[in-house]
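Work through the exercises below with the sequence and the model side by side. Try each task before reading its solution.

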Amino acid sequence: MKKLESTWYNMLAVLTIIAVVAGGALGYVNAKTFPLISENESKSEAAGVIEVLKADNVDVQRKDTLNQCIVYRTDKGIAVKSEDGNAFGGTLTILVGFDYEGTILGYKILKTKETPGLGAKADKWFQEGAKGNIIGMSPKTNNMTVSKDGGDVDAITASTITSRAFLRAVNSAYAAMNNSNEDVQSGATPQHNN
């Protein structure tokens, strides 16, 4: 077989063929795995709702999307999926469980790209018994910002940016929960996702 001549046209043609084949392969793999990934995320979120509400099981009575948050109204409390795009590693997505009065029952980190050993500690740092404990607090009565900013919560050591992002996400979750409550009381129709 004759070797291709090293010309600009031949190099462009070979590179184009490689790019088309690689793009097609990536598209095929994405199409095959996307439904499975979505199903696993849904299962993880459903298990997370049970976990953050500290219940054995829950009956989701309503699911609303408000201000980029997903609000799960259940028979055991309200769980809200919220995110903040200004964490140290990018977007931080959490699920927070509230009782009907707005007291935090639990939380779970759903997605994070925070630094291991620093910002990634958020999954345990704010839990009950930990230094930055938010369990039992309420954004209605507590200043849910880091103590460095005059708030009631101790930031993760050497990870104030992540701590701020986490607490902004908690406050967004609380605001979405309250907006959901107002919609129920006012009769306004929130956006439903079934």
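A residue is called buried when its relative accessible area is under 20%, exposed when it is over 50%, and partly exposed in between, with a 1.4 Å probe and protein chains only. The model is predicted, so local features need pLDDT of at least 70 and side-chain atom pairs count only at pLDDT 80 or more, whereas totals for chains, interfaces and linings use all residues. Residues are numbered from 1 along each chain as its sequence is written, and side-chain values use heavy atoms, with hydrogens and water left out.

**Exercise 1. Confidence**

Task: Find the mean pLDDT of the chain, and find over which residues pLDDT stays under 50.

Solution. Begin with the scale: pLDDT is the predictor's confidence in each residue, from 0 to 100. The chain has a mean pLDDT of 88, and 92% of its residues reach 70 or more. Next, look at residues 184-194, over which pLDDT stays under 50. For this stretch the model has 15 contacts beyond four places in sequence, where a contact means heavy atoms within 4.5 Å. Where pLDDT is low, the predicted coordinates should not be read in detail.

**Exercise 2. Aromatic rings**

Task: Decide how the rings of Tyr-107 and Phe-166 are arranged, and then do likewise for Phe-126 and Phe-166.

Solution. Start with the rule: rings of Phe, Tyr and Trp (its six-membered ring) pair if their centres lie within 6.5 Å, and planes under 30 degrees apart count as stacked, over 60 as edge-to-face and the rest as tilted. The structure holds 3 aromatic pairs. In one of them, Tyr-107 and Phe-166 stand 4.9 Å centre to centre with 65° between the planes, an edge-to-face arrangement. Because Tyr-107 lies in strand 5 (residues 104-111) and Phe-166 in helix 3, this pair ties together parts that are 59 residues apart in sequence. Here helices (H or I, at least four residues) and strands (E, at least two) are DSSP runs, numbered from the N terminus. Tyr-107 is buried at 2% relative accessibility, and Phe-166 is buried at 0%.

Now take the second pair: the ring centres of Phe-126 and Phe-166 are 4.3 Å apart and their planes are at 5°, so this pair is stacked. Phe-126 sits in the loop between helix 2 and helix 3 while Phe-166 sits in helix 3, so that the pair links distant parts of the chain, 40 residues apart. Both Phe-126 and Phe-166 are buried.

**Exercise 3. A serine in a helix**

Task: Is Ser-163 buried or exposed, and which residues is it in contact with when its neighbours within four places in sequence are left aside?

Solution. First place the residue: Ser-163 is in helix 3. With a relative accessible area of 0%, Ser-163 is buried. Then list the contacts, which beyond four places in sequence are with Phe-126, Val-146, Ala-155 and Ile-156. The side chain of Ser-163 also reaches the backbone nitrogen of Ile-156 at 2.8 Å.

**Exercise 4. Salt bridges**

Task: What are the N to O distances in the salt bridges of Lys-43 with Glu-39 and of Asp-149 with Arg-164?

Solution. Side chains of opposite charge can pair when their charged atoms come close. A salt bridge is a side-chain nitrogen of Lys or Arg within 4 Å of a carboxyl oxygen of Asp or Glu, and the structure holds 8 of them. Lys-43 and Glu-39 meet at 3.1 Å, and, being 4 residues apart in helix 1, they are separated by about one helical turn. Lys-43 is exposed at 51%, whereas Glu-39 is partly exposed at 41%.

The side chains of Asp-149 and Arg-164 meet at 2.8 Å. This pair links distant parts of the chain, with Asp-149 in the loop between helix 2 and helix 3 and Arg-164 in helix 3, 15 residues apart. Asp-149 is partly exposed at 42%, and Arg-164 is partly exposed at 29%.

**Exercise 5. Positive phi**

Task: Where do Lys-54 and Ala-158 lie?

Solution. Lys-54 belongs to the loop between helix 1 (8-52) and strand 1 (60-66), and its phi is positive, about 55°, although it is not a glycine. Ala-158 belongs to the loop between helix 2 (122-125) and helix 3 (160-186), and its phi, near 65°, is again positive in a residue other than glycine. Lys-54 is exposed at 54%, and Ala-158 is exposed at 66%.

Technical notes:
Polar contact = N/O pair within 3.5 Å; in protein donor to acceptor, adjacent residues only side chain to side chain.
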